[in-house]
Amino acid sequence: MPTLSVFGAQWGDEGKGKIIDRLSRGADLVVRYQGGANAGHTVVVGGEKYVLHLIPSGILHEGTVNVIGNGVALDPVVLLEEVDGLLERGIRCSPEQLSVSSCAHVIFQHHREIDQLSERWKGEGRIGTTGRGIGPCYADKAARTGLRVADLLDPEDLHTRLQANLAEKNALLEKVHGAEPFDIEQTFERYAALGQRLAPFVRDTGALVRSAWKAGKSVLFEGAQGAMLDLDHGTYPFVTSSNTGVGGIGPGAGFPPSRIDRAVGIAKAYCTRVGEGPFPTEDSGTEGERLRELGHEYGATTGRPRRCGWFDAVAARYALELNGATSLVVTNLDVLSSFETVRLATAYDVGGTRTETYPTALADVVRAKPVFESHTGWSEDITAVRDFGDLPKAAQAYVESLEGVLGVPISMLSVGPERDQIIERHGGLG
Ligand code: IMP
């Protein structure tokens, strides 16, 4: 198996968990390199549902080494709960299966609180974050005041750094937000104890991944969120605080992106978005509602109803180009069964000018009106189909149209939540 990057090609929630689980069958290592517990990767195995927030989806395959890289914003409380939850369900999750970077930045309880208070402060201008402390943790990282996993393991260091960090955060909490400050000693005790539990998992994960690659092992990089939520290239400021695609692998995993052989985008057969921000193909009417109900479009992390709409080829083309996608996996194709007409936006009308290029100015994305192509729908249940040729002709035509407007081969289609509900095309992904 080549070195593979798997990334979301929309606004997150593309069904990456299932595809990464499937692809990690052949991978020696699965590596997370950005984001944190804002992600919720759902994998269904034999009717059992697993929702993973921090641990890479490869954990469900014995023999795969799972890595949480230095670019992840790591909440030790969530991670250890996740480890315990997997162990309870009989999934092996020891330091042999899971490695955590000593350089990953730590999300503390005060980051979560500041995330939520800052959203309240912004009012109408809020981002609609997951409230998991992601933005404040990465802000500390950039401001060089953050604490890393290695700091949790060294009580003296932890105390000094925490005191410095929390003194400033307490001032913000009290003076700006009128909230209760955090007790430094209690916080220290709590996180020092978490550090002790975390210690066996902690190592230099960059060195681990590079040496595994040199030894000929196969590595899969698991992106979280999606290209349109990328801090630099997404719909800023309505984005997450990390680089969500292939470009995030160098800084977030300590692995040279030049060694990545293939980049696989994942996109739903329609679009969803959670949180605020522009979404040109959003359907706030009955079709959007139907997509939400049929696709069970409620957040895996927050339970929030997702905003739904038709496939946006302008945004997807941009996402695929940005990440140098070598192929695309389209998920939830089964959700479209029973729509008489299936729509696909191939261009935008921005203030009377037609464009097929994703606008960089947020104001242009806000006023962009989708230019839709209409395709005949199909009514057959396709969840048991495993060969492309067995799909209804209308479904085949829709997939071929997508491929045509995107200019990237569609190598897999997902037609249900289970591991085996996959149709491979063009030889799949190997
Ligand atoms: P944050 O990452 O919690 O700061 O949230 C910033 C934006 O990214 C919000 O619009 C969230 O809804 C969105 N977001 C963060 N993580 C995910 C995800 O895993 N799926 C979909 N949207 C996400």
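Modeller: In this predicted model, the side chain of Ser 414 makes a polar contact with the side chain of Lys 18, at 2.9 Å, and a polar atom of the Ser 414 side chain also lies 3.3 Å from the backbone oxygen of Gly 416. Ser 414 belongs to strand 19, which covers residues 410–414. Its relative accessible area is 3%, and because buried means under 20%, Ser 414 counts as buried. When its neighbours within four places in sequence are left aside, Ser 414 is in contact with Lys 18 and Ile 19, with Val 330, Thr 331, Asn 332, Leu 333 and Asp 334, and with Gln 421 and Ile 422.

Burial can also be followed along a whole strand. In strand 1, residues 4–8, five of the five residues are buried, so the strand is largely enclosed by the rest of the structure. In a regular strand the side chains alternate between the two faces of the sheet. Both faces of strand 1 are covered, with Leu 4, Val 6 and Gly 8 buried on one side and Ser 5 and Phe 7 buried on the other. Strand 1 runs parallel to strand 11, residues 262–268, and five bridges join the two; Leu 4 has Arg 262 as its bridge partner there. Strand 1 also runs parallel to strand 10, residues 219–222, through three bridges, and in strand 10 the bridge partner of Leu 4 is Leu 220.

The buried residues of helix 4, residues 134–143, are Ile 134, Pro 136, Cys 137, Tyr 138 and Asp 140, and what covers them includes strand 6, strand 8, helix 3 and helix 6. Just after helix 4, Arg 144 takes a positive phi of about 65°.

The ligand, finally, has 15 residues around it, of which Asp 13, Asn 38, Thr 130, Thr 240 and Arg 304 come nearest. By class, this shell has six nonpolar, seven polar and two charged residues. A nitrogen atom of the ligand is 3.0 Å from an N or O atom in the side chain of Asp 13, while an oxygen atom of the ligand is 2.9 Å from an N or O atom in the side chain of Asn 38. An oxygen atom of the ligand is also 3.3 Å from a polar backbone atom of Gly 128. Taken alone the ligand exposes 470 Å², and the protein buries 97% of that area.

Note on methods. Residues numbered from 1 in each chain as written. Predicted model: local features only at pLDDT ≥ 70, side-chain atom pairs only at ≥ 80, totals over all residues. Heavy atoms only, no water. Buried < 20%, exposed > 50% of the residue type's maximum accessible area, 1.4 Å probe, protein only. Helix = DSSP H or I, 4+ residues; strand = E, 2+ residues; numbered from the N terminus. Contact = heavy atoms within 4.5 Å. Near = heavy atom within 4 Å. Polar contact = N/O pair within 3.5 Å; in protein donor to acceptor, adjacent residues only side chain to side chain. Areas by Shrake-Rupley, 256 points an atom, 1.4 Å probe, with all protein chains shown as cover. Nonpolar A, V, L, I, M, F, W, Y, C, P; charged D, E, K, R; others polar. Pairing = 2+ DSSP bridges.
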